[in-house]
Amino acid sequence: MSADPSNDAKPINGESIPAIDRRFRLQWEAAQNAHVLLYPEGMIKLNTSAGEILKRCDGKATLADITASLEQSFGATGLSGDVFAFIAMAAEKKWITLLS
Amino acid sequence: MNAQAKVPGPPLWLLLELTYRCPLHCVFCYNPTDFTRTGPELSTEDWLRVVREARALGAVQLGLSGGEPLVRDDLELIVAEAHRLGFYINLITSGVGLNETRIAALKAAGLDHIQLSFQDSSKQMNDFLSSTRTFELKSKVAALIKQYDYPMVLNVVLHRLNIDHVEEILNMADRLGAEYVELANTQYYGWAWHNRDQLMPSRAQVERAEAATKRFRERIGRPMQIYFVVPDYFERRPKPCMNGLGSIFLTVTPDGTALPCHAARMLPGLEFPNVRDTSVKHAWFDSSGFNHFRGDDWMKEPCRSCPEKARDFGGCRCQAFLMTGDAANADPVCDLSPHHHLVTEAVAAAERPRPAEEPRPAEEKPLVFRTPANSATLFP
């Protein structure tokens, strides 16, 4: 909701530190071969890239750290645009909180 | 059966109805009206085995319900085991029995979330509709839920006698600090089916409630998710009930019967296995109770050739059975159903003048409260 100031006020950049919002729990589900976000009476099944990004959102790593880790794990470069776009969407949906 | 249904996925959602015992006597309860005729409750060991077996199949959301689940003194043990296994655990409660000792123990055991029911926004109507004096207790429980840092989920079942109070109900939810509010219009099963004529709102009532909800959403200044569950009798297409029977949802009743939805025990001619005698895996994959309504081989016209069958799965089997006598018929909520008039007639009957705003409506037929005594009277 737009009245919630927690995420909207913060710009997303390489120094941003995302954490999974307290209202969600991120978990690997072997039976679904996917990461899922669990919340009261609901579940969001994540695709591979969403799961890989969110599992790195530990409240310590910056977005620059997260992007570097993903690029290293997947032997890719230039992922920051996709990562930032996903984080913006996840913040909008309140899946994550931006700690700074 | 279609190709997708030949290998059903896991029962992602496990609902354990731990007991039919309940301190409340709500007129809209979906529990079966013959609940006093069911067998003894499962033991702690049985419930723990069900939780382990379902988790091994891939179940991840766990609902603990009833009746009132807090009546079971092994609730904390069940929560602890489910948490150890990785379930996300929802307690669905009236709040009666939830004191500070128990909420602390449940928190320590790993309970993730508590859904607290209210029957109305005022002490007078809450207590009338549940036939108890519980309003003030529920308000205290709401404060405990906040104190223990749980997401606050309030559930209020709406019907003719309280739907005009939606604005007050939402204000109450705001005062209590709720983060989620479910305004769930009554679905007519169990006791609610028995009391349907007295509970059915008029169309104007539903429209006013939706408008009040919309106004509240626009003015509230903090995050609050409000789910307004539209009463399906007022729709022209049925709900995709349980996302199709046997697709994601598994209920185990207090006596151990495994069901593909809360109400399915009423469906005739199906074998619903008991987890005392069989594994959860067998119940989910191999029993006729779960396999019969998978896919679309069971469908009749107009569902069979309907392009929308993959979206709503023909609606609710229990509603089709209750209203038409045949569970394979289209849900009569659908205006393509030859039985749709049964729904429109029920809605038309609700257009009679509303009773005054007092607790006891002046109507010919009395409300029947969900009590063991009334169950025994209905099923001698």
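Predicted model: local features only at pLDDT ≥ 70, side-chain atom pairs only at ≥ 80, totals over all residues.
How are H3(B) and H4(B) oriented to each other?

Chain B contains 16 helices and 9 strands. Its radius of gyration is 20 Å, close to the 21 Å that the globule rule gives for 380 residues, so chain B is as compact as a globular protein of that length. If you draw a box along the principal axes, the C-alpha atoms of chain B fill roughly 50 × 50 × 45 Å. Inside the chain, 48% of the 380 residues count as buried. Taking contacts between residues at least 6 apart in sequence, 72% join residues at least 24 apart.

Now zoom in on two of the helices. Helix H3 of chain B covers residues 75-85, and helix H4 of chain B covers residues 100-109. These two helices pack with their axes 8 Å apart, at an angle of about 20°. Angles under 35 degrees count as roughly parallel, and H3(B) and H4(B) are therefore roughly parallel to each other. That settles the opening question. The crossing of H3(B) past H4(B) is right-handed.

Which residues make the contact? From H3(B) come Glu76(B), Val79(B), Ala80(B) and His83(B), while H4(B) supplies Ala105(B), Leu106(B) and Ala109(B). Sorted by class, the contact of H3(B) with H4(B) has 5 nonpolar residues, 1 polar residue and 1 charged residue.

How values were computed:
Residues numbered from 1 in each chain as written. Chains lettered and ligands numbered in written order. Axes fitted to C-alpha atoms, helices over the stretch in contact; angles between N-to-C directions. Helix = DSSP H or I, 4+ residues; strand = E, 2+ residues; numbered from the N terminus. Parallel < 35°, antiparallel > 145°, perpendicular 65-115°, else oblique. Left-handed = near helix turned anticlockwise from the far one by under 90°. Contact = placed C-beta atoms within 7 Å. Nonpolar A, V, L, I, M, F, W, Y, C, P; charged D, E, K, R; others polar. Rg over C-alpha atoms; globule rule 2.2 N^0.38 Å. Buried ≥ 20, exposed ≤ 12 C-beta atoms within 10 Å, placed from the backbone.
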